[in-house]
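Please read these notes with the model open beside you, taking the points in order. They go from the chain as a whole to a single residue.

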Amino acid sequence: LGMASTRFTWNAVDERRFAYPFDPDEKQLEVVKNTVPNAADLLKTTMADYCKFVTWVLNGAGLDKTLFGEMASHQAVRKADSYMGLGWVIYDPVGEDEYALSHGGHDPGVHTLAVVLPKSKRALVIFTNSDNGIKIYPDLLGYYLGAQGQAIVSIETKKTP
């Protein structure tokens, strides 16, 4: 995908381009400088590179329609209208005959979220470098994804019995 600024280890990161993490009191946190790759955590990337990845997923991830359908199919129930797919959270339905795929990352001082609306070909990527960053998700989802974003917020904030 041409993601030249994406790495799974710290030793390849240009520190001048790194956004340092902060705790809820705005105190800078120590950076985890992992030297062992972990495909499930600690990805080092840029907004531009990650948007390339999300655009690739938005356009079918290079998969045939059947395989993409499997990736986006309900594998397990998380809560009402929210499921796990293959590597993605699925929100279904989110209105206007649409469903959403979502993937995020959460470490101390870092919160990220990508949301893909495959049918309407829209997506949103949010990177924050603060433990307070997650607080802006609802407003950003609603503002940029409209009713579908508000539906995702509603699903996530709904109390389950």
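1. Of the 161 residues in the chain, 35% are buried, and please keep in mind throughout that this is a predicted model. The chain exposes about 9,500 Å² of surface, and carbon and sulfur atoms supply 56% of that area.

2. The secondary structure consists of three helices and six strands, and when you read along the sequence they follow the pattern α-α-β-β-β-β-β-β-α. The radius of gyration is 16 Å, close to the 15 Å that the globule rule gives for 161 residues, so the chain is as compact as a globular protein of that length. Along its principal axes, the C-alpha trace spans about 45 × 40 × 25 Å.

3. If you take the contacts between residues at least 6 apart in sequence, 46% of them join residues at least 24 apart.

4. As for charge, the chain carries 16 positive and 19 negative side chains, and the centres of these two sets lie 3 Å apart.

5. Leaving aside neighbours within four places in sequence, H106 is in contact with H111, T112, I134 and Y137. With H111 there is also a polar contact of 2.6 Å between the two side chains. H106 and Q148, by contrast, are 42 residues apart in sequence and lie 23 Å apart in space, C-alpha to C-alpha.

How values were computed: Residues are numbered from 1 along each chain as its sequence is written. This is a predicted model: local features need pLDDT of at least 70, side-chain atom pairs count only at pLDDT 80 or more; totals for chains, interfaces and linings use all residues. Side-chain values use heavy atoms; hydrogens and water are left out. Helices (H or I, at least four residues) and strands (E, at least two) are DSSP runs, numbered from the N terminus. The radius of gyration is taken over C-alpha atoms; the globule rule is 2.2 Å times the number of residues to the power 0.38. Buried means under 20% relative accessible area, exposed over 50%, partly exposed in between (1.4 Å probe, protein chains only). Contact means heavy atoms within 4.5 Å. Accessible areas come from the Shrake-Rupley method with a 1.4 Å probe; for residues, only the protein chains shown count as cover. Lys and Arg count as positive and Asp and Glu as negative; His and the chain ends are not counted. The place of a charge is taken as NZ of Lys, CZ of Arg, CG of Asp or CD of Glu. A polar contact is a pair of N or O atoms within 3.5 Å; within protein, one must be able to donate a hydrogen and the other to accept it, and residues adjacent in sequence count only if both atoms are side-chain atoms.
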